[in-house]
Amino acid sequence: MLSEENSVDRSSLLTTTEWEKPPGGGEILAGFLAPHPPHLVYAENPPQNRPKSQGGWEMLRWGYHRCREKIRALKPDVILVHSPHWQTVVGHHFLSVPKLSGLSVDPIFPHLFQYQFEMTVDVALAQACAEEAIAEGLVVQKMTNPRFRVDYGTIVSLHMLNPDWDIPVLGISAHNSPYYFSHDDAQDQMIKLGQATRRAIERTGRRAVLAASNTLSHLHFDREPALPEDMSQEHIYSLGQYQWDMKILHLLQQGCWDEFQAVLPEFIEATAAEAKAGSLMWMLSAMDFPPMKAQIHAYGPVIGTGNAVMEWDLQSCRAQKAAGGKGV
Ligand code: 2X7
Ligand code: FE2
């Protein structure tokens, strides 16, 4: 735990992101698997989203609601999110504009997601992440365009975890080019990016929450019901996808990291799994592949894809270990 004088006044952070904390002492409090189908925000009917719904996908949303309570209790300085829908070809990019706002529209589901976003970015942490990633030999860019349109993957995960947007954020892109070489090259880069992120968090003294913005199995229907939120029509794409999701969920929950990494290429191949974009591997690496049980808050289909909301409560795990237990 950080001492009282080391804790952050988050209200000042929301007006200036150029502040610095004493170096060192930062830690990752928790990580969340935070899938981003725009349907979830649509179903919540927040004022920021223009299309209005009659609800739907409640299981996943209830899972997210539990995560929100957890995050409010943790009072983190920052939420970092890695999104498959901010695709960059040259390097790993970090949002580096203190205040970003605008309209974000999902190009595939514009009738569900037209979201007026406003976010405070932790640019000092972005700088530290960039430096540490360069030290790992990665190609890196800071995104400094003040009119940048933030992607729906970043926004959906962040909105579902903290709809008040009163915690600064740091968005990280999905760098696609390593896949031109091989799966292993790409995932190795995500492992390095995760290690760099952890060091940056520790060095800047941040108490951080991580979000991997990934759906699991990703084959989906190409038609939707007349009413998209008609839950009588929603189901997983195939038995095969469901079985893969259950296998992966089991490995993630139990922390079977070697087996998870061994089957990941096959999972991606069989189900077009969105873990290919690297968000999940980035987060697991940043958390140092924790030897603990994770909590599955929800699992459910969205237009046939498989989605899980999961939590790794690193802070409780550390506290239990410190008290002489085995962790969670
Ligand atoms: O981006 C997505 C997704 N990953 C899953 C389901 C539906 C829509 O968008
Ligand atoms: Fe997606």
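Which residue places a polar side-chain atom 3.2 Å from a nitrogen atom of ligand 1? T215 does. The model is predicted, so local features need pLDDT of at least 70, side-chain atom pairs count only at pLDDT 80 or more, and totals for chains, interfaces and linings use all residues. Side-chain values use heavy atoms, without hydrogens and water, residues are numbered from 1 along each chain as its sequence is written, and chains are lettered from A and ligands numbered from 1 in the order in which they are written.

Two further polar contacts (pairs of N or O atoms within 3.5 Å) involve ligand 1. A polar side-chain atom of H36 lies 3.1 Å from a nitrogen atom of the ligand. In the side chain of Y152, an N or O atom is 2.6 Å from a ligand oxygen atom. On its own, ligand 1 has 250 Å² of accessible area (Shrake-Rupley method, 1.4 Å probe). The protein covers 95% of that area. Residues around the ligand (a heavy atom within 4 Å) include P37, P38, F109, H218 and I303. H36, H85 and E274 are also among them.

These three residues coordinate the iron ion (ligand 2). The donors are NE2 of H36, NE2 of H85 and OE of E274, at 2.0 to 2.1 Å. Donors are N, O and S atoms within 2.8 Å of the metal (3.2 Å for Na, K and Ca); water is not among the atoms, so sites may look incomplete. Along the chain, the spacing is H-x48-H-x188-E. H85 lies in strand β2 (residues 78-88), and E274 in the loop between α9 (257-271) and α10 (279-286). The pair therefore ties together parts 189 residues apart in sequence. Helices (H or I, at least four residues) and strands (E, at least two) are DSSP runs, numbered from the N terminus. E274 is buried, at 6% relative accessible area. H85 is partly exposed, at 28%. Buried means under 20%, exposed over 50%, and partly exposed in between (1.4 Å probe, protein chains only).

The whole structure holds nine aromatic pairs. Rings of Phe, Tyr and Trp (its six-membered ring) pair if their centres lie within 6.5 Å; planes under 30 degrees apart count as stacked, over 60 as edge-to-face and the rest as tilted. Y115 and W165 form a tilted pair, with centres 6.4 Å apart and planes at 50°. Both residues are buried. Ring pairs also link F113, Y115, Y152 and W165 into a cluster.

Technical notes:
A polar contact is a pair of N or O atoms within 3.5 Å; within protein, one must be able to donate a hydrogen and the other to accept it, and residues adjacent in sequence count only if both atoms are side-chain atoms.
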